[in-house]
Amino acid sequence: MRTYTVDVLVVGGGAAGMAAAAAAAREGARTVLLERGERLGGVLEQCIHPGFGLHRYREELTGPEFAHRMRQELDDSGAEVLTGATVLEILPDGPAVKVVSPKGLKKFRPRAVVWAVGARERPFGALRIPGTRPSGVFTAGLAQRLLDLEGLLPGRRAVILGSGDIGLIMARRLHLEGVEVRAVLEIQPFPGGLTRNVVQCLRDFGIPLLLSHTVAEVHGRERLEGITAVRVDEHRHPIPGTERRIEADTLILSVGLIPEVRLIEDTVPLDPVNRGPRVNGRLQTEVPWLFAAGNCVAVFDLVDTVAELGERAGASAARYARGELPPGKPVPLVRGENVVSLVPSYLDGTAESARMYLRVPRPMEGVAVDVGGVVRRRVPVARPAEMIEIPLDGDALSELSQKERIVVEVKPK
Amino acid sequence: MRIAVIGAGAVGSLIARELCRYEAEVVLFERAPDVGWGVTKANSGIVHAGFHDEPGTTRARFCAAGNALYPELATDLEIPFRRTGAYVLAFTTEELSVLEELREWGEVNGVPGLELHRREEILAREPRVNPEVRAGLWSPTVGITLPWEIAIAAVENALDNGLELHLGEPVVGIEVSGGRVRAVRTDKGRYPVEAVVNAAGLFADHIAQMAGLEGPALHPRRGEYVLLDETTGGLVNVVLFPAPTQVSKGILVLPTVDGGLLLGPNAHDLPPDAREATETTREGLEEVIEGAVHLVPDLPLHKTVKTFAGLRPESPQKDFVLGETEVAGFYQAAAMRSPGLTAAPAIARWLAHEIALAHGLEERTDFRPVRKRIPHPADLPEAEWEALIRKDPRWGRIVCFCNRVTEGEIVEAIRRGARTLDGVKFRTRAGFGRCQGGFCTDRILEILARELGAEPWEVTARGGASRIVLGEARP
Ligand SMILES: Cc1cc2nc3c(=O)[nH]c(=O)nc-3n(C[C@H](O)[C@H](O)[C@H](O)COP(=O)(O)OP(=O)(O)OC[C@H]3O[C@@H](n4cnc5c(N)ncnc54)[C@H](O)[C@@H]3O)c2cc1C
Ligand SMILES: Cc1cc2nc3c(=O)[nH]c(=O)nc-3n(C[C@H](O)[C@H](O)[C@H](O)COP(=O)(O)OP(=O)(O)OC[C@H]3O[C@@H](n4cnc5c(N)ncnc54)[C@H](O)[C@@H]3O)c2cc1C
């Protein structure tokens with residue numbers, strides 16, 4: 001097995017990883033990007049709808065178009081790319097990274113690693129929905145790849161569980177493909193995705209959205225034959241007597257993404273809510289040589305954000321590799337009221353600027369975000385589907401960095 | 001002489017393999033499109049020690065004997081088998097007396113190494129056990145295995161020794177005349193035979209009726225399970241049983257050979273005609289979780305990847321029905337409730353020997369007992385993995401990321417007989433991990449279609465109408 005020494009090794013070639021590798025290489029680091037798929041792009045390649053890049057490129061692009069631009073930036077940066085290369089192991093001792101590809105096994109000895117492997121979808125079984133186990137039950141991402149990358153039709157009559165943006169976009173995609181979308185079920189009393197997507201993906205096509213509903217049971221022994229939908233109460237418990245059967249040969253699940261931490265979870269501390277590694281404002285984890293960016297840190301809505309975080313992580317990793325990133329005093333960010341996802345997990349006082357991202361648990365109006373009593377931002381409408389982004393810099397950042405801990409909360413004004 | 005074995009579960013497959021040790025033509029009929037998809041597919045996968053079975057029963061006779069054969073079987077067939085040991089846990093005074101009784105049964109049944117352990121000893125070994133535990137019966141010989149892998153491996157080995165395998169071919173009749181078996185009829189033809197072994201699992205009573213016999217009357221008893229992902233197995237290292245009840249061994253917590261944790265099963269009797277009723281129920285899954293949490297309070301239930309259910313073939317006698325019958329040449333291996341999987345190797349060896357004696361069959365000198373499993377390069381030394389990749393780069397292409405299954409393994413599984421997504425899954429464990437096929441189903445589908453020369457929409461999950469995609473998208 002050959003061993004290669006590099007400055008920065010980036011794992012994952014989605015938006016975050018491409019941005020990280022390009023930024024690290026631009027900083028002059030000898031950089032290698034590893035992607036297990038045959039192509040770079042990650043989930044962008046399967047998102048053929050427009051809605052990408054409004055911030056980064058001030059244009060509305062499709063996923064593949066956005067990926068194409070990022071690949072060009074990566075090409076220009078001089079980073080080296082290996083595709084078809086799956087990382088098998090990250091040994092904290094060294095660190096050393098073991099990789100397999102059709103060309104054989106390789107070992108890398110990087111000075112810094114950027115973890116950018118994205119998120120995985122919560123599988124059907126995780127919901128513990130009773131009933132049979134027929135074919136025809138897909139996660140949204142799998143259905144999307146079958147349809148948009150392979151040109152295969154997952155089914156003819158579909159029910160969608162989960163009204164996050166991915167579920168909504170799949171509803172429209174399937175409808176346009178001639179699939180009868182019978183309903184979109186959402187267990188919460190409000191839609192999970194953006195209002196714009198509820199209108200453009202469901203209402204415009206007359207697809208019913210059943211709020212406070214879930215799947216109570218799955219039917220069919222070989223192929224799916226139908227599901228029982230049921231209304232739930234405020235504790236998400238099914239209300240007896242509200243069951244109704246919906247005939248369908250396909251059930252598409254959009255019930256959440258989970259940051260992928262498989263190879264690092266024994267090495268670095270994770271944030272219990274984000275479910276990704278705890279990072280500081282430079283996207284450095286609590287293991288100094290390990291940086292992380294994108295959906296493997298927390299699930300972000302916009303690829304523009306992911307790309308920006310990737311750049312930050314790549315540039316920080318390059319500086320760390322040069323020995324220019326001395327450790328600072330960590331100041332934890334602590335969740336106060338009404339905060340679920342929260343990135344970063346701590347500030348370390350050495351960055352000139354940082355950005356904070358947070359999510360509220362339910363729709364709220366006329367609220368303000370309070371960051372350690374130093375920064376206060378009014379938010380007229382806060383929705384779980386839209387991350388709130390707050391820049392931290394200048395005096396405010398210095399003041400925050402002096403504290404013992406920073407409580408972040410969302411409260412009525 | 002030609003012998004038909006009906007049913008390619010763990011029991012029928014091992015019997016077919018044992019019969020191949022003798023000078024006979026062995027034909028195995030299975031109605032499903034693949035082997036091991038009946039009761040063998042959904043159970044706890046425990047190789048029991050033999051203390052749960054009342055002395056004097058056929059179960060007791062074959063359980064400890066089967067357990068003793070597992071190391072040899074696992075070596076010859078290269079199937080996963082690990083002696084984890086087990087605790088039966090007691091929380092009340094009545095349960096303490098149950099442990100005493102189990103220990104006595106075990107000693108009569110010839111179960112080695114049983115010991116009563118105190119609370120401290122149990123918690124030192126398994127710190128996650130409910131601290132309210134009072135004592136436990138420790139049984140070092142209990143093990144875990146992959147049940148369907150036994151059927152797959154036994155059939156592969158039997159094929160290597162001359163077995164004739166008929167998949168997707170249900171037996172629909174048995175011709176008996178003059179008190180003797182003459183032929184087996186399937187939906188495809190008539191096969192003259194001199195002996196028949198009924199190992200049809202949940203349907204063994206139907207097969208017996210075809211031969212004009214009465215029993216055993218079978219009904220399904222459902223057991224539901226919750227499976228936690230492959231990062232949870234280290235939380236509990238031994239099989240944990242509660243004190244058993246009259247009905248069953250109770251709801252357990254056990255590590256799986258793939259590194260996950262399995263919770264279950266409950267036990268609910270179903271009407272005799274509900275033989276396909278492997279659906280799970282809300283109440284059932286709640287019951288399973290409640291039972292499991294009683295043994296191990298802080299289970300990471302958010303790491304659930306799957307729920308499923310299996311059906312036990314129960315008879316009023318609560319015991320296996322084995323051996324010869326009033327119809328000459330008709331043998332049974334029926335009513336194989338738990339511990340049928342454990343007992344199977346011992347039953348197979350004994351029954352094949354009985355048949356050989358009765359029919360004067362010579363032992364073959366050229367029987368090859370060894371079957372090689374599909375290599376799983378992620379578990380091999382690096383040099384061996386690199387050698388595989390040099391021969392064929394597909395051994396370096398990971399398809400299932402959770403379980404690190406390569407394209408090479410999937411192609412090999414298809415070469416060995418996988419025709420469906422489940423066929424590939426059960427042979428390679430691709431799609432069995434925490435993403436449950438979310439990342440690899442499309443790639444396995446593509447490989448299956450390519451290797452079988454089929455269109456993707458012709459490929460099924462498990463035969464019949466279980467197609468994965470239904471056609472082409474609009475051009
Ligand atoms: C259906 C859908 C619709 C969306 N719609 C929009 C939209 O309209 N607008 C918008 O801005 N954003 C949208 N997004 C969000 C945005 O596209 C994603 O957040 C972003 O692309 C995620 O990038 P990433 O690099 O973090 O992860 P990914 O794109 O998931 O990239 C991770 C990469 O890592 C690789 N990898 C993983 N493990 C390993 C390993 N062990 N070794 C090597 N490589 C590995 C993977 O193969 C993958 O290529 C959408 C997302 C989805 C799923
Ligand atoms: C919930 C549960 C938990 C269990 N736990 C354990 C355990 O931990 N340890 C243990 O030792 N045992 C356990 N058991 C018992 C064990 O699983 C069974 O004893 C064993 O799998 C039975 O194997 P079999 O080959 O007899 O049946 P099966 O696997 O059902 O095989 C019979 C085969 O016959 C085929 N068939 C049926 N009719 C026809 C026909 N007309 N023509 C052709 N083929 C036909 C079926 O398709 C099937 O493949 C458990 C069982 C259950 C249900």
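**View 1. Charged and nonpolar residues line the largest cavity, with 6 charged, 5 nonpolar and no polar residues.** The model is predicted, and local features need pLDDT of at least 70 and side-chain atom pairs pLDDT 80 or more, while totals for chains, interfaces and linings use all residues. Residues are numbered from 1 along each chain as its sequence is written, chains are lettered from A and ligands numbered from 1 in the order in which they are written, and side-chain values use heavy atoms, without hydrogens or water. The lining (residues with an atom within 4 Å of a cavity point, on a 1 Å grid where a 1.4 Å probe fits but cannot get out) includes Arg17(B), Glu72(B) and Arg349(B). About 70 Å³ of space lies in this cavity, and the whole structure holds 3 cavities of 30 Å³ or more.

**View 2. Helices of chain B contribute to the lining of the largest cavity.** Helix H1 (10-19), helix H2 (58-77) and helix H8 (340-359) of chain B (DSSP runs of at least four residues) each supply at least two lining residues, and H2(B) gives the largest share, with 4 residues.

**View 3. Backbone atoms of chain A approach ligand 1 at Gly51(A), Asp301(A) and Val303(A).** A polar backbone atom of Gly51(A) is 2.7 Å from a nitrogen atom of ligand 1, and a backbone N or O atom of Asp301(A) lies 3.2 Å from a nitrogen atom of the ligand. At Val303(A), a polar backbone atom is 2.8 Å from an oxygen atom of ligand 1.

Methods
A polar contact is a pair of N or O atoms within 3.5 Å; within protein, one must be able to donate a hydrogen and the other to accept it, and residues adjacent in sequence count only if both atoms are side-chain atoms. On a 1 Å grid over the protein atoms alone, a cavity is a set of points where a 1.4 Å probe fits but cannot get out, and a pocket is an open set with protein on both sides within 12 Å along at least five of seven lines; lining residues have an atom within 4 Å of a point. Grid points are joined across faces, edges and corners, and a volume is the space filled by probe spheres set on the points. Ala, Val, Leu, Ile, Met, Phe, Trp, Tyr, Cys and Pro count as nonpolar, Asp, Glu, Lys and Arg as charged, and the others, Gly among them, as polar.
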